[in-house]
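User: I'm new to this one. Can you walk me through it, piece by piece?

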Amino acid sequence: MKTISMRNMAVGQRGQILSVKADGEMGRRIRDMGLIRGAEISIQGRAPLNDPVAIRIKGFTLTLRNNEADLISVEVQ
Amino acid sequence: MNTMSATIALAGNPNSGKTTLFNALTGARQHVGNYPGVTVEKKSGTYVNGDNKITVVDLPGTYSLTAYSPEEVAARDFLIREKPQVVVNIVDASNLERHLYLTVQFMEMGVPVCIALNMMDVAKTRGIDIRVDRLSKLLGVPIIPTVARSGKGKDELMQAVSSEERAIKNGPLRLSYGEDLDHALDTMESLIRPCTAVSNIYDSRWVALKCLENDQQIIDYMKSADSGLYASLKQVKDTVTDHLKKTLETYPEAMIADYRYGYISSIMKQGVMVHRYDENRLYLSDKIDKILVNRLAGPVIMAAVLFGLYFFTFTLSEAPVAWLEKAIEWIGATADAHMADSLLKSLVISGIIDGVGGVLGFAPLIMFMFFGIAILEDSGYLARVAFMLDRVFRIFGLHGSSVMAFIVSGGIAGGCAVPGVMASRTLRSPKERLATLLTVPFMNCGAKLPVFALLVGAFFSKNEATMMMIITVISWVGALLAAKLLRMTLIRGESTPFVMELPPYRLPTFKGLLIHTFERTFQYVKKAGTTILGISILLWAMMTFPGLPDSAKEGFESRKAQIQTSASGGESIPSVVEKRDAAIKALEAEENEAALRNSMAGRIGSSLEGVTSFAGFDWRTNIALVGGFAAKEVIVSTLGTAYSMGDVDPEATESLGDSLASNPAWSPLSALSLIIFTIFYAPCFVTVVCIVKESGSWKWGAFSMAFNTTLAFLLAVLVYQTGSLMGF
């Protein structure tokens with residue numbers, strides 16, 4: 001088990017969210033989508049220019065920009 | 001049972017099928033307005049079933065009930081102020097956990113909730129079984145399964161909503177948010193309760209919770225309601241915030257969200273849902289995505305789709321646009337034949353018929369564009385476009401979704417800024433949206449093309465294709481840089497978080513598409529129509545009054561009489577008649593030129609000559625540019641009048657082009673300067689009116705005229721002066 005930022009995850013990699021370091025509107029938008037501590041996610045793909053990233057959580061797909069993914073640290077195998 | 005006056009609100013996440021359910025419930029009995037003070041659209045309609053009549057209000061789709069976006073504030077204010085009998089919360093059964101997050105917030109607020117558990121069919125095919133009764137019991141909220149697309153369950157839903165034995169009055173849900181926050185909430189609640197000004201409107205504990213969540217709207221409200229009370233609340237909040245930060249490295253908002261999700265997952269664990277397949281297995285939609293957002297194939301397909309949208313909007317609407325133009329022409333001709341020559345006639349034909357015609361002429365375009373965009377939006381593809389292009393547009397402070405508006409406005413030459421400005425509605429981020437709708441008029445719309453064709457044909461005839469390409473590139477680069485400039489100055493600030501759902505692909509419902517399209521078109525015709533008619537009449541007056549002084553008129557009359565006399569006796573000789581008619585035509589053109597020069601627009605044009613000569617424009621060009629504010633192609637016809645060419649058809653400009661090319665006042669450099677100015681200067685007034693409607697303020701309409709014209713002038717001067725120095 002090691003902890004990395006969501007930006008550095010590879011496509012197809014799975015993990016569990018350890019922390020979300022964001023407050024204000026950014027934090028609220030991230031949490032609204034279910035990205036909270038303990039949530040299981042996997043990287044579904046990246047846009048043609050590598051940014052934003054598409055992730056899979058609880059059976060649906062979310063996208064966020066890399067600088068937003070920076071705020072989320074994930075525990076991966 | 002009195003249900004005649006019942007009002008219910010539909011609320012739910014975007015993509016929950018809320019609008020589909022609203023359409024199924026109300027059919028065509030809809031009314032679209034605005035929430036007071038904001039540009040958020042308010043849709044309401046009536047559900048009728050026998051004697052049962054219910055007013056249904058479609059609240060804006062939100063993920064949450066904080067005060068970060070105008071949509072959320074509008075939804076919340078409606079619930080608090082209008083107190084609908086029931087809030088029907090549409091929840092996507094195939095995405096239950098996340099959708100219940102909003103449900104919990106309604107319950108915390110204490111509004112009576114009834115859940116429409118939608119997309120039961122999708123859930124079923126995904127192997128999700130939901131035990132509705134158990135979920136309903138655990139949440140303490142009635143739940144009706146629905147399939148909005150087919151209308152299944154809608155009558156049961158309305159039955160439940162209006163039947164009194166199922167009246168839903170639970171009082172606010174009291175969740176625990178952990179020891180620290182619960183304690184702070186208790187203290188704050190006891191402080192708020194005695195202040196009846198607040199506690200009569202809001203639930204005290206809810207206000208305390210919102211303060212802890214840093215909800216700006218409630219905080220501002222509390223400050224103005226009772227600043228002393230707010231100070232003591234803030235103290236409690238700051239203490240617990242500090243404590244959480246030190247001990248758990250977290251914020252109260254995050255903690256509250258954690259406990260909400262915790263509550264939901266504790267319910268989920270009590271056997272309300274059975275997954276028959278792996279939760280994260282890939283469905284058809286994900287397989288489609290493997291191709292449509294593929295690194296290589298994705299952009300190619302996207303280019304094809306955007307081009308298809310463009311083709312659909314502009315090529316297929318050609319026929320209806322032509323019919324409308326024919327009809328308007330016919331009305332104009334009828335008026336021409338039946339009215340005596342007078343100012344009134346000129347007003348009716350040039351001011352009113354052309355003005356109304358101008359508005360209606362855009363209607364088919366808008367209809368086709370909204371139909372096309374609605375397909376892309378409802379199917380889920382638009383979200384993918386935003387996803388793929390965001391990286392590029394973000395550089396300029398815009399959003400991936402901005403691309404639609406740019407393309408429609410003329411990103412592929414020949415679009416139109418009117419539907420383009422309206423297409424910015426698909427953006428949910430306010431700053432990016434404003435920057436988009438202010439810069440799309442720089443694109444090369446179909447009305448600017450005749451101007452470019454004229455100038456390029458006359459001065460750059462050897463490199464026509466290259467010049468047209470360069471013009472397209474200049475407008476794109478200019479628009480994006482202008483957007484960047486705006487986002488760094490007037491509309492500056494952090495970009496709105498991108499976090500966005502890629503909803504599963506869905507086949508749009510035809511009914512939904514039609515309702516959407518007609519609603520938008522009708523709104524445009526009704527709202528923009530009145531203003532545009534007024535401005536059209538104003539412009540007509542500017543180019544007509546005060547007309548020629550009597551002495552000058554007499555001069556023209558006597559010259560005309562001279563021509564008539566000199567040709568008298570020769571009425572039977574064709575060559576004499578021909579010569580006479582040509583002379584009269586030339587004289588009339590000269591008179592029109594003199595009248596135009598003497599009009600208000602002409603005087604403005606002449607008085608600006610001192611300034612505009614820096615860009616190489618004389619008074620004739622100036623008047624033409626004033627005329628271009630009505631519609632850009634008017635530049636060509638006004639130039640024709642100003643050069644005494646008589647009526648110039650914008651489609652056939654060779655003769656005007658020849659006379660410009662041979663005119664010593666013109667050079668390729670001044671033509672280039674005018675091209676640059678035409679790309680960037682004030683949008684036509686139809687676009688300005690749309691900017692006003694879409695931004696919600698006249699301020700931005702006025703800004704776009706002033707800013708664009710200044711920018712255009714500076715660029716034109718730069719080009720002309722640099723060119724002159726370099727000896728062109």
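Analyst: Start with α30 of chain B: its buried residues pack against α21 (449-459) and α29 (634-642) of chain B. Buried means 20 or more other C-beta atoms within 10 Å of a residue's own; exposed means 12 or fewer, and partly exposed is in between, with C-beta atoms placed from the backbone. Helices (H or I, at least four residues) and strands (E, at least two) are DSSP runs, numbered from the N terminus.

User: Where do these names and numbers come from?
Analyst: This is a predicted model: local features need pLDDT of at least 70, side-chain atom pairs count only at pLDDT 80 or more, and totals for chains, interfaces and linings use all residues. Residues are numbered from 1 along each chain as its sequence is written, while chains are lettered from A and ligands numbered from 1 in the order in which they are written.

User: Back to α30(B). Which residues are buried there?
Analyst: L656(B), G657(B) and L660(B), in a helix that covers residues 654-661. They fall within an arc of 100° seen down the axis of α30(B), so they line one face of the helix. The arc is that of the directions from the helix axis to the C-beta atoms.

User: And what is exposed on the other side of α30(B)?
Analyst: E654(B) and D658(B) are exposed there.

User: New topic. How many residues are in the largest nonpolar core?
Analyst: It has 220 residues. Such a core is a set of buried Ala, Val, Leu, Ile, Met, Phe, Trp, Tyr and Cys residues joined through C-beta atoms within 7 Å. A9(B), L10(B), V88(B), I366(B) and L455(B) have the most contacts inside it. Helix α16 (residues 343-379) of chain B gives the most to this core, with 12 residues.

User: What does I366(B) touch?
Analyst: Leaving out residues up to four places away in sequence, I366(B) touches V418(B), P419(B), M422(B), R520(B), T521(B) and Y524(B). Two residues are in contact if their C-beta atoms, placed from the backbone, lie within 7 Å.

User: Is V147(B) buried or exposed?
Analyst: V147(B) counts as buried because it has 22 C-beta neighbours inside 10 Å. V147(B) sits in the loop between β8 (143-145) and α6 (154-162) of chain B. L21(B) is 126 residues from V147(B) in sequence, yet the two are 8.2 Å apart in space, C-alpha to C-alpha.

User: Now the two chains together. How many residues of each are in contact?
Analyst: 30 residues of chain B are in contact with 32 residues of chain A. On the chain B side, α12(B) gives the most, with five residues. By class, that side has 16 nonpolar, five polar and nine charged residues. Ala, Val, Leu, Ile, Met, Phe, Trp, Tyr, Cys and Pro count as nonpolar, Asp, Glu, Lys and Arg as charged, and the others, Gly among them, as polar.

User: What's the secondary structure of chain A?
Analyst: Two helices and six strands. Along the sequence the pattern is β-β-α-β-β-β-α-β. Of the 77 residues in chain A, 56% are buried.

User: And how many helices and strands in chain B?
Analyst: Chain B has 33 helices and 10 strands. Its C-alpha atoms fill a box of roughly 105 × 60 × 55 Å, taken along the principal axes. Of the 728 residues in chain B, 45% are buried.
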